[in-house]
Amino acid sequence: MPLPALRAGEVRPTDGSRAHVVSRAYQHDLNGSGLERGAVQVEVDAVHLHFGGVVAIEEVSLEVRQGDIHAIIGPNGAGKTSLLNCMSGLYRPQRGAIRLHRGDGDPVDLTTTRPSRSARLGVARSFQNIELFRHMTVLENLLLGRHVHMRHRLAASLAWFGPARRQEIEHRDLVEEVIDLLEIPALRKLPVGALAYGLQKRVELGRALCMQPAVLLLDEPMAGMNAEEKEDMARFVLDVNELAGVTTVLIEHDMGVVMDVSHQVSVLDFGRCLVTGEPDVVRSDERVIKAYLGAGSEPMGAGT
Ligand SMILES: Nc1ncnc2c1ncn2[C@@H]1O[C@H](COP(=O)(O)OP(=O)(O)O)[C@@H](O)[C@H]1O
Ligand SMILES: [Mg+2]
């Protein structure tokens, strides 16, 4: 599934053809990072996390650069979700630091930051299991993604009162842009619970994007999808990265997808980071091949 690269401001046609791209202007900067592309943005420094006797992450160090899609792969139980949870402030590692560079001032250590503050700093994550409000519409769910930036109480915003109304109109503009980007305009009034699984996951990506994230953390966004849904999701992950320049940390099992979309790949195994590098380098790394074959998985690059 090799997808052609887009230039900023371009978007793939919606009819599925990939022969040409059309131009689209964006009003809102969906990328919440002030860093130059390629600068070190997230520095995972010797992180160690255990739960009682279970070591989930052992001395993991890696760097995520601004503008990259950085895949984290590894067998089940390798510590991938735990690492993402440490980045979003959900888990607090016993040792080590995860520094978020923002382009101004000192980096912030995400391991000592509450999830709500991490979110305000632009660390947005989607979960392995969908966490949307099923009875609310797509639009309402996406507006919820804006609430980290809202001054007025959410209830008032949704009830459409006074100053909250003006504020909601501003937020709606941005949300509509995200709806456009993810090609879901026909769904905006539908309750999320009524949507097919693949579309729910796309809405979840949209909600994270509405936060104008500096770093997007995606935990298996394509899990449980059929081939077509997977290809769609991979395309949107790419579009978000290429059009908005949002750094994406992506946990994904499908090696075909990982090799196609990633700039960098880190391989975790039993809580340790075996290697970080470009997809081709990682694929032919002996330790990686051994870890995968040892875990009884498909050889790297076989795709699924
Ligand atoms: N909240 C938790 N409590 C206890 N053990 C956990 C918790 N979260 C993860 N673990 C353990 O940490 C290890 C790594 O898990 P996880 O990060 O979910 O791996 P992965 O996402 O790579 O499949 C596993 O042994 C898992 O059982
Ligand atoms: Mg996991």
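This report walks through a predicted model, from the overall fold to a few single residues.

## Ground rules

Residues are numbered from 1 along each chain as its sequence is written, while chains are lettered from A and ligands numbered from 1 in the order in which they are written. Because this is a predicted model, local features need pLDDT of at least 70 and side-chain atom pairs count only at pLDDT 80 or more, whereas totals for chains, interfaces and linings use all residues.

## The chain as a whole

The chain holds 10 helices and 12 strands; these are DSSP runs, H or I of at least four residues for helices and E of at least two for strands, numbered from the N terminus. Of the 304 residues in the chain, 42% are buried. A residue is buried if 20 or more other C-beta atoms lie within 10 Å of its own, exposed if 12 or fewer, and partly exposed in between, with C-beta atoms placed from the backbone.

Contacts here mean pairs of residues whose C-beta atoms, placed from the backbone, lie within 7 Å. Among contacts between residues at least 6 apart in sequence, 67% join residues at least 24 apart.

Helix α1 is itself mostly covered, with 7 of its 8 residues buried. Those buried residues are Lys80, Ser82, Leu83, Leu84, Asn85, Cys86 and Met87. Just after α1, Gly89 takes a positive phi of about 85 degrees.

Leu143 counts as buried because 22 other C-beta atoms lie within 10 Å. Leaving out residues up to four places away in sequence, Leu143 touches His171 and Val175. The C-alpha atoms of Leu143 and Val175 are separated by 6.7 Å, although the two are 32 residues apart along the chain.

Helix α3 packs against α6 at an angle of about 35 degrees, with their axes 7 Å apart; axes are lines fitted to C-alpha atoms, for helices over the stretch in contact, and angles run from 0 to 180 degrees between N-to-C directions. The contact joins Val138, Asn141, Leu142, Leu144 and Gly145 of α3 to Val203, Gly206, Arg207 and Ala208 of α6. Those residues divide into 5 nonpolar, 3 polar and 1 charged.

## Helices α6 and α7

The axes of α6 (residues 197-209) and α7 (residues 227-244) come within 10 Å and cross at roughly 10 degrees. The two helices are therefore roughly parallel to each other, a label for angles under 35 degrees, with over 145 counting as roughly antiparallel, 65 to 115 as roughly perpendicular and the rest as oblique. On the α6 side the contact is made by Gly198, Lys201, Arg202, Leu205 and Leu209, and on the α7 side by Glu229, Asp232, Met233, Phe236 and Val240. This contact divides into 5 nonpolar, 1 polar and 4 charged residues.

## Positive phi in two loops

Most residues other than glycine have a negative phi. Glu183 has a positive phi of about 55 degrees although it is not a glycine, and its place is in the loop between α5 (162-181) and α6. Glu183 is partly exposed, with 16 other C-beta atoms within 10 Å.

Gln212 is another non-glycine residue with a positive phi, near 50 degrees. Gln212 is found in the loop between α6 and β9 (215-219), and is buried, with 22 other C-beta atoms within 10 Å.

## Arg99 on strand β6

Arg99 sits in strand β6 (residues 95-100) and is partly exposed, with 18 other C-beta atoms within 10 Å. Beyond its neighbours within four places in sequence, Arg99 is in contact with Glu43, Asp45, Pro107 and Asp109.

Key: Contact = placed C-beta atoms within 7 Å. Nonpolar A, V, L, I, M, F, W, Y, C, P; charged D, E, K, R; others polar.
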